[in-house]
Amino acid sequence: MSSVCAIALDYYDGRSGRAQRVTARLTDHTLYLHGAGVARSVPVHEVRWPERSRRAKRVAHLPDGAALYGADPDAWDAWAQAGGRREPLVSRAQRSWAWALACLAGLLLLGAVLYQWGLPWIARGAVQLVPPHAEQSLGLAAYDSMRESWLAPSELPAEQQQRLRQAFQQAVQKAYPGGKAPAWQLHFHKSRIGPNALALPGGTMVVTDELVQMVGGDAEVIVGVLAHELGHVEHRHGLRALVQTTLLGVAASVAFGDFSGWLATAPVLLGQAGYSRDAEREADQASIRILQAAGISPLAMVRFFDKLAENGQRNESPLGISISSHPADSERVQAFRNAAAARR
């Protein structure tokens with residue numbers, strides 16, 4: 001038996017609200033209470049001991065509903081320590097700056113790991129659970145909404161649309177022999193967003209009149225751009241982006257409470273930008289593969305980026321790639337140049 005020390009405490013028997021003054025003695029294994037009409041012993045491990053806090057009164061609960069109150073927290077702590085009570089690690093950590101900083105660093109590290117690998121992995125798994133018809137319905141709904149807001153009927157000649165559609169169809173057939181290409185539907189539109197092309201979940205692809213006009217109707221360039229969009233369709237990037245954005249939004253709202261605040265939305269925007277860059281690189285690889293299968297040099301896409309530059313639409317953000325939704329154009333151009341050089 002180790003040291004035995006005593007302290008005067010208020011004892012409540014759990015049946016009445018009257019406090020009884022008792023002397024409490026503590027050993028390694030037993031709590032002894034003695035006072036007027038009170039004489040009992042309780043195994044230490046059956047007592048629910050209070051956590052240590054700076055100024056709060058101490059209350060220990062006994063298994064039969066009785067309780068001990070100590071108005072002087074310093075005297076209680078000294079008594080408990082002398083009686084062999086070891087403070088729980090959690091309680092000590094709560095008052096330690098070193099522990100707090102270590103926990104914060106661990107939390108940030110865990111968040112970074114989930115952010116970089118966890119969410120994309122979960123999103124890929126979730127996407128596999130979505131049936132194709134549901135993804136197509138989602139894409140068509142988005143397409144209908146876009147037509148109501150910023151898409152207008154195409155003003156390109158029907159013959160030109162047919163020629164471009166046929167050129168892309170032939171390239172896809174060569175890249176995906178045996179009819180293994182993902183389903184796609186191509187729509188031409190005049191738009192308010194200028195030169196652009198996009199792929200919606202389920203294979204709905206849109207290319208604007210302004211983009212076709214910007215490249216002078218160059219069929220090889222259009223095929224390269226559409227091949228890039230088909231890469232998005234093949235990898236289901238649209239649906240994956242939606243899932244990831246939803247997951248990030250839920251995580252941010254849980255962490256920060258008010259999702260409408262900038263602190264909560266920033267991780268979503270930055271995170272989605274990162275995922276989008278990876279998706280763009282995958283789609284560029286699909287474009288290279290389809291172009292090469294069709295016997296078209298990947299330099300066709302270099303011509304596309306040159307046209308973008310002429311129109312002042314190059315993506316070379318001075319703020320760096322970390323907040324850009326697409327890789328820098330210089331990186332993408334170099335990838336197409338390298339692919340073209342490798343085929344020579």
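The model is predicted, so local features need pLDDT of at least 70 and side-chain atom pairs count only at pLDDT 80 or more, while totals for chains, interfaces and linings use all residues. Residues are numbered from 1 along each chain as its sequence is written, and side-chain values use heavy atoms, with hydrogens and water left out.

**Overall**

- The protein has eleven helices and ten strands; helices (H or I, at least four residues) and strands (E, at least two) are DSSP runs, numbered from the N terminus.
- Of its 344 residues, 40% count as buried, where buried means under 20% relative accessible area, exposed over 50% and partly exposed in between, with a 1.4 Å probe and protein chains only.
- Among contacts (heavy atoms within 4.5 Å) between residues at least 6 apart in sequence, 56% join residues at least 24 apart.

- Helix α10 covers residues 299-310, and its twelve residues should span 16 Å at 1.5 Å a residue; the end C-alpha atoms are 17 Å apart, which agrees. The expected span is 1.5 Å times one less than the number of residues.
- Ala300, Met301, Val302, Phe304, Phe305 and Leu308 are the buried residues of α10.
- Gly312, which follows α10, has a positive phi near 70 degrees.
- The axes of α10 and helix α11 (residues 329-342) come within 8 Å and cross at roughly 155 degrees. This makes α10 roughly antiparallel to α11. Angles under 35 degrees count as roughly parallel, over 145 as roughly antiparallel, 65 to 115 as roughly perpendicular and the rest as oblique.
- Axes are lines fitted to C-alpha atoms, for helices over the stretch in contact, and angles run from 0 to 180 degrees between N-to-C directions.
- From α10, Leu299, Met301, Val302 and Phe305 make the contact; from α11, Asp329, Arg332, Val333, Phe336, Arg337 and Ala340 do.
- By class, the contact of α10 with α11 has seven nonpolar, no polar and three charged residues. Ala, Val, Leu, Ile, Met, Phe, Trp, Tyr, Cys and Pro count as nonpolar, Asp, Glu, Lys and Arg as charged, and the others, Gly among them, as polar.

**Packing of α5 on α7**

- The axes of helix α5 (residues 158-175) and helix α7 (residues 219-234) come within 9 Å and cross at roughly 60 degrees. The angle makes α5 oblique to α7.
- Arg163, Leu164, Ala167, Phe168, Ala171 and Val172 of α5 meet Ala219, Ile222, Val223, Leu226, Ala227 and Leu230 of α7.
- The residues of this contact of α5 with α7 divide into eleven nonpolar, no polar and one charged.

**Single residues**

- Arg236 lies in the loop between α7 and α8 (237-256) and is buried, with a relative accessible area of 16%.
- Although Arg236 is not a glycine, its phi is positive, at about 55 degrees. Most residues other than glycine have a negative phi.
- Thr208 belongs to strand β10 (residues 204-208) and is buried, with a relative accessible area of 1%.
- Not counting residues up to four places away in sequence, Thr208 touches His189, Ser191, Ile193, Gly194, Pro195 and Asn196.
- Arg289, in helix α9 (residues 262-293), is partly exposed, with a relative accessible area of 35%.
- Arg289 touches Ala175, Tyr176 and Glu234, again not counting residues up to four places away in sequence.
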